[in-house]
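Please read them with the structure open.

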Amino acid sequence: MRRLLLFSVIWLLSTQHTKASTQRSWDESVRLANETVSQMTLDEKVGMVTGVGLYSSRCSGDTTAPKRSFSVSGLNVTIPALCLADGPAGLRPVKNVTGFPAGMNVASTFSRRLMHARGGAIGEEFRAKGWYYSFATQKAVEDGKGDFGADPYLTGEAAYETIAGAQSVGVQAVAKHYVVNNQETLRHSLNVVVGDRTFHEIYHYPYTRAIDANVSSIMCSYNLINGTYSCQNEDLYGPDGVVTKSGFQGFIVSDWGAAQGSTNDSVNAGLDMEQPGGVLPDAGGGVYGANLTTAVNDGIVPESKVDGMVTRILASWFRLGQDQDYPAVTIDTQHPDGTGPLNIPIDARSEQHTTLVREIGAASAVLLKNERETEDGSTVRGLPLSESKIKTLAVIGRDAKQLNQTCGIIGQCDEGTMVMGWGSGSILFDFVVPPVDAIQSHVGTSATVTTSLSNDPSDGSEAAQGKDAALVFVNAMSGEDLPFGEPLEGVAGDRLDLNLWHNGAELIESVAAVNPNTIVVVHSVGPVNASWSTHPNISAIVYAGAPGEQTGPAIVDILWGAVNPSGRLPFSMDDSEESYGTTIVNTTEALTVEYTEGLFIDYRYMDSKSIKPRYEFGFGLSYTTFEYSDLFIFASGDSQAIEFKVKNTGDFDGTEIPQLYLGYPESSGEPPRVLRGFDDVWLTTGETKTVKFLLSQKDLSIWDTPSQSWKRPEGMFKVEVGASIQDTRLTGSF
């Protein structure tokens, strides 16, 4: 599987906690922008659409601010340099900010509430200092930057809520990297050949939800799509382009150095802002700036085209009220350690954000296994741990200890616990609480803790011998393919395989060989080979993903039962790459990749081939049990309503994640089942709640290439409601 797409959020101009400004409609914002542009000189307009250079910028990208104010509808408008920077899991690289869970983890919660809250919290910190943010879907399991998992519907909902949360506090969001940017290998030159229907239903689909959320900007990617570079693709961004026809009203910005070709081609393609403004090694760039000024003066590019570019940029700025007492920038990427005269020591952290990170870390933890057989043939659970019974405990594995907090601004090192992948979206790790510290703090004097914080199998088995429980922490990493980064475990960006790093499987098996209550915690950027999971002494497995700075406290909440696990896999997990039907193409040669798998990726492919993975999409266990009943299907206006009841029939309060899978009429050519609804439902013991999903006409439609529109196929639709793609509890049809 490759990554389906990447999203990112740009946070502009911020220094301190302030209340969001009053926001405007698009129509009013465009009017104000047009009025402003009519007063600007050509040099001022070119400064708005051109970055100032990666190593000359106070941010990862800046624009040049006009040196005067403008009178616009009675307002005195001063346009600052627009500050852009990375931050998929928090502000990078800057001090005194929170390290949030990765997008994959918030997707694993299947909770729109937490998706929205995370977006808003990161937005508050960006507003306090001024920066950027990202999320993704995944096509290839080895993809270096896959983020929101493997399903376009889940990704789209996560995109919508994240953007809505971020922009609610007056911070601009940017969806990136558009589009089919699904591997790091050869990302600057890769040509992706993708069919029209696949493009719309899998890769463009989540962006339509970003557009529904009024996303301020879309970032074009490095790769080519069907032979044309994304940032030079008029079929995507032009007046009749796919993005424009989807209702997008913001501006198009290039990935850093992704602008290729001539200045005129870039303008005609719909590229509104070039970043960082100059040529980057192994990439491109430098098409605007002085080249744009010359093109206008020579009559090659009409100045009216530039007017439209600036209008779209300023409309997004006006719409979120960033002209109204917006905080000033307080950071300096040239001094990420916080030194230098441009860094102002604003602390963007808050107790509420720390609590949210811990909540998402626990809510995203997926309980994959929770039983083992004893010598007498009975079955016992490994979790939650009992403080009265666990008096001796071993904590094993390098992933349990504090990470290297001097990894630099891209986080490219693998010493200690994994809280996120590496790259331009990583953060500084100043506030990470590792698992071993949180565990020792939690048990205090109630249990004796023995540690083996390497991945040496002999040391691990010795530490585990005779203990009431042995906790083994393992990981697998990936990240952005950077020209200045050194490969880790042979990995420059995309993973080479699904194996755990640092002999993780051998470590697990050596511990399980001597301890009958072995509990495994996996931190990873995606699926892993879990062939070791069937060992009879492994009593529990928790897939914890990339949970951010509160990784230790979050896993303690799960292990000791303060939180009942409710996380669900946002991808399928199997031991072999062949089960997925797609893979990363690793080569050093120029490459064209054809997406011949079409609509059939991850669980869609496995379903069509009758492949049962080790752990399926949407899977996750709980400490309690749930019962589904009373399915009712009926029309509700233009929507189709699916209603049913869920009851907590177990001994623990907890959250259930009901999921709706839709089977289209046989003539549709769709996969057997696709996700079209989910919810997170909190239920106390014995409590019953009614859950209702509404399927819109688009939810019921497929992309019709001849008419270039969404059409609902005729025939019977099959409804399956349950706890995963494989765990169906209720069925019906309409």
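A residue is called buried here if its relative accessible area is under 20%, exposed if over 50%, and partly exposed in between. The model is predicted, and the points below should be read with that in mind.

1. With 8% relative accessibility, tyrosine 628 falls under the cut-off of 20% and therefore counts as buried. Phenylalanine 644, at 0% relative accessibility, likewise counts as buried. These two residues form a stacked aromatic pair, with 6.0 Å from centre to centre and 20° between the planes. Because tyrosine 628 belongs to strand 20 (residues 626–636) and phenylalanine 644 to strand 21 (residues 639–648), the pair ties together parts that are 16 residues apart in sequence.

2. How many aromatic pairs does a search of the whole structure find? The search finds 21, and one of them joins tyrosine 153 to phenylalanine 678 in an edge-to-face arrangement, at 6.1 Å centre to centre and with 85° between the planes. Since tyrosine 153 is part of helix 5 (residues 152–167) while phenylalanine 678 is part of strand 24 (residues 674–678), this pair ties together parts that are 525 residues apart in sequence.

3. The last point concerns helix packing, where two packed helices are described by the angle between their axes and the distance between the axes. Helix 14 (residues 457–464) packs against helix 15 (residues 504–512) at an angle of about 30°, and their axes are 8 Å apart. Angles under 35 degrees count as roughly parallel, so helix 14 is described as roughly parallel to helix 15. The crossing of helix 14 and helix 15 is right-handed. On the side of helix 14 the contact is made by Pro457, Gly460, Ser461 and Ala464, and on the side of helix 15 by Glu506, Leu507, Ser510 and Val511.

Methods
Residues are numbered from 1 along each chain as its sequence is written. This is a predicted model: local features need pLDDT of at least 70, side-chain atom pairs count only at pLDDT 80 or more; totals for chains, interfaces and linings use all residues. Side-chain values use heavy atoms; hydrogens and water are left out. Rings of Phe, Tyr and Trp (its six-membered ring) pair if their centres lie within 6.5 Å; planes under 30 degrees apart count as stacked, over 60 as edge-to-face and the rest as tilted. Helices (H or I, at least four residues) and strands (E, at least two) are DSSP runs, numbered from the N terminus. Buried means under 20% relative accessible area, exposed over 50%, partly exposed in between (1.4 Å probe, protein chains only). Axes are lines fitted to C-alpha atoms, for helices over the stretch in contact, and angles run from 0 to 180 degrees between N-to-C directions. Angles under 35 degrees count as roughly parallel, over 145 as roughly antiparallel, 65 to 115 as roughly perpendicular and the rest as oblique. A crossing is left-handed if the near helix is turned anticlockwise from the far one by less than a right angle, and right-handed if clockwise. Contact means heavy atoms within 4.5 Å.
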